[in-house]
Amino acid sequence: MKLSDIKELLDCEIFTKNTYSENKEIAYAFSCDLMSDALMLLRNVGFDFCYSGALITGLVTVQGVRTAEMLDLPVIILVRGKQPNELVIKEAEAANIILLSTTETMFSTNGKLYSKGILGITEYNAKL
């Protein structure tokens with residue numbers, strides 16, 4: 001799914017205008033607020049999951065950006081209308097990560113993306 005379609009579907013605000021690419025394809029997503037869970041659960045997925053994946057979280061800190069960076073996730077979608085501060089935005093741009101925000105809850109964000117064909121870890125592993 002193109003990032004421009006995700007932006008429209010979730011009515012996202014773009015915070016990293018310098019890294020945003022509307023044609024970026026996203027095929028996978030992972031949701032959590034505990035970055036240790038993201039690191040543990042995503043460490044064994046294939047590179048294609050991470051390279052074309054999005055991290056969906058309510059955590060609006062540099063730690064979220066660092067986690068996405070370590071996992072090679074190019075997109076972070078902040079939920080519940082969370083607004084990153086300038087430091088988080090600068091760190092995301094420095095790491096070439098696209099930072100979006102939606103007013104949707106995490107549950108609704110996941111459901112809307114899944115209904116449009118975005119897959120999670122379970123579906124990804126089932127394809128292997």
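## Exercises on a predicted structure

T109 is found in helix α6 (residues 106-115). The structure is a predicted model, in which local features need pLDDT of at least 70 and side-chain atom pairs count only at pLDDT 80 or more, while totals for chains, interfaces and linings use all residues. Residues are numbered from 1 along each chain as its sequence is written, and side-chain values use heavy atoms, with hydrogens and water left out. Helices (H or I, at least four residues) and strands (E, at least two) are DSSP runs, numbered from the N terminus.

### Exercise 1: the setting of T109

Task. Determine whether T109 is buried or exposed, and state which residues T109 is in contact with.

Solution. Step 1: apply the classes, in which buried means under 20% relative accessible area, exposed over 50%, and partly exposed in between (1.4 Å probe, protein chains only). T109 has a relative accessible area of 0%, and therefore T109 is buried.

Step 1: look for contacts, meaning heavy atoms within 4.5 Å. With neighbours within four places in sequence left aside, T109 is in contact with L10, I56, I77, V79, T102 and E104.

### Exercise 2: the buried side of helix α2

Task. Identify the buried residues of helix α2 (residues 35-42), and explain why they are on the same side of α2.

Solution. Step 1: the buried residues of α2 are M35, A38 and L42. They are on the same side of α2 because they cover an arc of only 50 degrees around the axis; the arc is that of the directions from the helix axis to the C-beta atoms.

Step 1: find the cover. The elements over these buried residues include β2 (28-31), α3 (47-51), β3 (53-57), α4 (62-70) and α7 (121-127).

Step 2: T67 counts as buried, at 4% relative accessibility. Not counting residues up to four places away in sequence, T67 touches M35, A38 and L39.

### Exercise 3: aromatic pairs

Task. State how many aromatic pairs a search of the whole structure finds, and classify the pair F47 and Y51 and the pair F49 and Y124.

Solution. Step 1: recall the criteria. Rings of Phe, Tyr and Trp (its six-membered ring) pair if their centres lie within 6.5 Å; planes under 30 degrees apart count as stacked, over 60 as edge-to-face and the rest as tilted. The search of the whole structure finds four aromatic pairs.

Step 1: F47 and Y51 form a stacked pair, with 5.9 Å centre to centre and 15 degrees between the planes. Both residues lie in helix α3, four residues apart, about one turn of the helix. F47 counts as exposed at 62% relative accessibility, whereas Y51, at 43%, is partly exposed.

Step 2: the ring centres of F49 and Y124 are 5.2 Å apart and the planes stand at 75 degrees, so this pair is edge-to-face. Because F49 lies in helix α3 and Y124 in helix α7, the pair ties together parts that are 75 residues apart in sequence. F49 is buried at 0% relative accessibility, and Y124 is buried at 3%. Ring pairs also link Y28 with F49 and Y124 into a cluster.

### Exercise 4: strand β3 and the sheet

Task. Explain why β3 is largely enclosed by the rest of the structure, and state what the order of the strands in the open sheet is.

Solution. Step 1: five of the five residues of β3 are buried, so the strand is largely enclosed by the rest of the structure. G53, L55 and T57 lie on one side, and A54 and I56 on the other.

Step 1: list the pairing, for which DSSP must find at least two bridges between two strands. Four bridges join β2 to β3, and these strands run parallel; F30 has L55 as its bridge partner in β3, and A29 has A54. Four bridges also join β3 to β4, again in parallel, with T57 opposite L78 in β4.

Step 2: follow the chain from β3 through α4 to β4, a β-α-β crossover that is right-handed. This term applies if, with the strands pointing away from the viewer, the path from the first strand over the helix to the second runs clockwise.

Step 3: The open sheet has five strands in the order β1-β5-β4-β3-β2, with mixed pairing. Its edge strands are β1 (13-14) and β2, each of which pairs on one side only.
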